Amino acid sequence: MDSEGTFDARGTRSNPVPRPAGPPAVPGIPAVPGHAPTTRPAVVDWLRTPRPAAEPGVWRLGHRARPEEEPELVPARRLFTGAVIALLSGWLLWSLLWNGYLGRYWIWPLLVLTPDSWRSDPPTWATASYVYYAVVGGAILVFFARIGHVPEIWQRYVRRGDKPVTAPPPRPDADPADWPDLRSAGLVDVAQSLAEATRSGALGDVDYARIRRAWQGVHARPDRLVAFTDTVRKHGAAACAHPSGVRDLPLRTATHDLATAQVKIGTAVDDERNPYARRTTGVALEPALLGTSLLAVGPSGSGKSVRLVRPVVESLCLLALANRAAAVAVTAYGTGLAPDDAFDLVIGVGRPDSTHDLDLYGGTEDPDEAARVLAEALVGDLAATLPGGDSRRAATALAQLIGPYQCVHGHFPAVPELRDLLGGAPAAMGALRTALEAAQEAAQLRELDARERQSARADDIGVLLAERIAFLDRPAFARFFRTDGAGRQFSLRAIEHPLRVRIDLPERGHAEASRIVARLVLAQFNEAALTRSDRSLFACLVLDDATHTVTADSVRAVQRLRSANAGVVFALRTLEDVPEPLRGPLLGAVGCRMAFAGLAPWDGGRFAEVWGTEWVQTRDVTNRQIISDEPLTKALHMMRRLVTGKAATAEAVTVREVERARWSASDLAHAVPAGHAVLSLTTVRGEHAPPLLVDLRT
């Protein structure tokens, strides 16, 4: 439960780095409309706000359930006209009764229920009479008010503007600000100190989520109880802190609820395409949804980075500070996804001021595993055109070189050495053979011999691998991807710890190298996430631009990430940036799909196909105007037209069930307003939410 110290590049703990307890002052990220910095919530009110269970993707903080079906509302003109006519009819009936035009029979209950002595006492009789008149008049008023739908007018136009009634504070034994779980476990002094910190504002929402996470760990491993208690007594609200010592982000641009690990990304539009129960409700993402991975497609400027990627990365960083997640974000240099101080590591590939570089081989010591991951990065996008339709031959060729090299040097080859070996440079191959012969490594010599025989073939894969690795063998990357231990390397295997990492790619000057690095990070993340021994942390990789990054192996790996408590967020400008054979499988592999405004029709067709159709009820109404020659009927028709605004008609209604696309390609291309997106969600437990039109600006 020790909270001191930081993690190094490979996730091991090193010397502590002093940092302020609160969020430091940092320069702001680029201003974006609708994404101004937000304030931290008042913790006591935030804890007491109800969070009812709801469908996937519903913003649960303060959520109010809506009816499943839309009630049939009477038009306002007809509603008010009917109310006026009903009240006038009630007034007319009372006037006729009061003036005796309808007889005196309505006074009979008064005569029967009162004693005869009251009639001889004028004051008493007068009082009883007026009470009876008030009862009868009130009954008439209530009766005609209900006929005229006056209660509906009250609900629709008067009560809607009333201020919500604030709920009374919860009981001390149920108030989450008093930490009732700790009190029930006998830790009264610990709960009291945390409750005082909560009410004074010293304990923030990140602190609450972090300490709750540690308390859940005590439930799983009771032997940690003593360490937990001592840590909280010593550090209070700063107990069980993130290894960096930071307790909050320097800047927030989205609305977060760390009690449910949700981040709000928008509001479901009050549109007939959305289910009535979801209209006007908040839409949020959480690890239970991101664990199925998310694919977002939309043109530049549609809001993918600003209104989706940035809030998701911000939420993952907050969860990492609460020791609940490991976040890795890959973006182009200068994008301004989040300030540098929001991350533990900022790796600028090809930048001289970067404090860390990437491990080319993902931190593994197995040559076959390293070759498989590296082959995925180098030629994974061309796998469909390679012999065999995959990258296995490329992985074999790499293993035949890096295995013997590791055997004699104790580490894998760096980029320049690997390029020479793949290109069959006589000096490099001869030196490696001499070293193997001196070490008497017969098995590794056979591997090298096999590589030399294959290099003589016209279709040798080594030529393509040498061309691809040459993109990384540039002066800008000279100090990167070193394997001699001279630099500080970051390996994706560190996602077993609550790290916050951002990798900046040099897309402007080295576009192809950036794509290779992006595929390398994706392949290493999939390998590390699937082989983790401790999967209690949610691990997520966010690709701000996944152009030419998706491969056949990565699609298969994404499908397995759900069971590994991990997920990937892909952001694409168009599905054309994915190889044609992989577009359908990618849409099927991810559980959450998001189509932004401005989508191309051919991309919309893919989404429409995967979202499928639904059965809807249609009503065909045929109106025929009624014409009458009788004076009384004409008068009644004129009165009806005055009240409803419509002529008297006879309707013929035909109801039938038809199958219709939830969202057609044309609707996705032309009916989604700017700043909106259509989003479908699936949880790791298999719960579904239908495609929703979401306003990302609210």
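Predicted model: local features only at pLDDT ≥ 70, side-chain atom pairs only at ≥ 80, totals over all residues.
Local features require a pLDDT of at least 70 and side-chain atom pairs a pLDDT of 80 or more, while totals for chains, interfaces and linings use all residues. Residues are numbered from 1 along each chain as its sequence is written, and side-chain values use heavy atoms, with hydrogens and water left out.

**Nonpolar cores**

A nonpolar core is a set of buried Ala, Val, Leu, Ile, Met, Phe, Trp, Tyr and Cys residues joined through side-chain atoms within 4.5 Å, where buried means under 20% relative accessible area, exposed over 50% and partly exposed in between, with a 1.4 Å probe and protein chains only. The largest such core has 94 residues, and Phe 481, Ile 503, Phe 525 and Phe 570 have the most contacts inside it. Helix H18 (residues 511-530) gives this core its largest share, eleven residues; helices (H or I, at least four residues) and strands (E, at least two) are DSSP runs numbered from the N terminus. A second, separate core of 72 residues includes Tyr 208, Leu 290, Leu 321 and Ala 338.

**Helices H13 and H16**

The axes of H13 (residues 392-409) and H16 (residues 442-455) come within 9 Å and cross at roughly 145°; axes are lines fitted to C-alpha atoms, for helices over the stretch in contact, and angles run from 0 to 180 degrees between N-to-C directions. On the H13 side the contact (heavy atoms within 4.5 Å) includes Ala 397, Leu 401 and Cys 407, and on the H16 side Leu 448, Ala 450 and Arg 451 are among the residues involved. The residues of this contact divide into seven nonpolar, four polar and two charged, where Ala, Val, Leu, Ile, Met, Phe, Trp, Tyr, Cys and Pro count as nonpolar, Asp, Glu, Lys and Arg as charged, and the others, Gly among them, as polar.

**Thr 683 and His 688**

Thr 683 is placed in the loop between strand S17 (676-682) and strand S18 (688-695), and it counts as buried because its relative accessibility is 4%. His 688, in strand S18, is exposed, since its relative accessible area is 60%. The table gives computed distances for His 688.

| Pair | Distance |
|---|---|
| His 688 side chain to Thr 682 side chain, polar contact | 3.4 Å |
| His 688 side-chain polar atom to Gly 686 backbone oxygen | 3.2 Å |
| His 688 to Ser 354, C-alpha to C-alpha | 42 Å |

A polar contact is a pair of N or O atoms within 3.5 Å; within protein, one must be able to donate a hydrogen and the other to accept it, and residues adjacent in sequence count only if both atoms are side-chain atoms.
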